[in-house]
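The structure is shown below, and the description follows.

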Amino acid sequence: MVNNLIRFYQGLDSDGTTSRDIKYYSYSGIWERAVEKYLNKYFSGIGQNNGQDYLEFNGNNFDGNFAKYTIKHYDKAHPDNKLEPDHYYLDKTSHIQYIFDSKYYVKLDKLDHKQFVYHALLYRKAERTYNSLIMPTRGKTRSEMLLDLSDEYLLDPNQKMQILLTHLNTQNVLENFVE
């Protein structure tokens, strides 16, 4: 992430006239805000390639806006506990919800349990849930399957439980962020 930020800022002043200031003191906070702005401008839904879902970013934005969502009162032992997926949208017309969480690191080698819990707590809010972790990449934007829960463990046999790992091109996200 740091290397991508350096390359991004080096490219800003290449013509001698472009100058921008961003003051923020948390890498994860910058990435989270930049991803949300990018989602709200470019996310167009879920595509499929060879039967596998992926996040689609073609600029044909759907009508929704992603925002942080607070989950409360899920823990009777600790009633003040809260969980907050970074980017949430519920389409009440199609009964589809999107639960996305930004990660500022570039490698993930195990299940993100918090993302699994988000899905478990929110799956009843919609007929279909799309769930993804969003990470930066220097390469092309792409999605891969992180978790495809076996049918015998599903909370609801009519709703599959999958978590995608989506790699968003850092340069594209950050350029959109400072526009």
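## A buried lysine and its partners

K103 is buried, at a relative accessible area of 9%; the term buried stands for under 20% relative accessible area, exposed for over 50% and partly exposed for values in between, with a 1.4 Å probe and protein chains only. The side chain of K103 meets that of D101 in a salt bridge, with N to O at 3.0 Å. A salt bridge is here a side-chain nitrogen of Lys or Arg within 4 Å of a carboxyl oxygen of Asp or Glu. D101 is itself buried, with a relative accessible area of 2%.

K103 also forms a salt bridge with D112, where the closest N and O atoms are 3.3 Å apart. D112 counts as buried too, at 10% relative accessibility.

## Basis of the model

The model is predicted: local features need pLDDT of at least 70, side-chain atom pairs count only at pLDDT 80 or more, and totals for chains, interfaces and linings use all residues. Residues are numbered from 1 along each chain as its sequence is written, and side-chain values use heavy atoms, with hydrogens and water left out.

## Other salt bridges

Side chains of opposite charge can pair when their charged atoms come close. By the rule stated above, the count comes to seven salt bridges.

One of them joins the side chains of R128 and D53, at 3.2 Å from N to O. R128 belongs to strand β7 (residues 128-137) and D53 to strand β2 (residues 52-57), so this pair ties together parts that are 75 residues apart in sequence. Strands (E, at least two residues) and helices (H or I, at least four) are DSSP runs, numbered from the N terminus. Both R128 and D53 are buried.

## Positive phi angles in loops

Most residues other than glycine have a negative phi, and most peptide bonds are trans. Which residue has a positive phi of about 55 degrees although it is not a glycine? This residue is N50, found in the loop between β1 (43-49) and β2. N50 is exposed, with a relative accessible area of 78%.

H95, which is not a glycine either, has a positive phi of about 60 degrees. The loop between β5 (87-91) and β6 (96-102) holds H95. At 37% relative accessibility, H95 counts as partly exposed.
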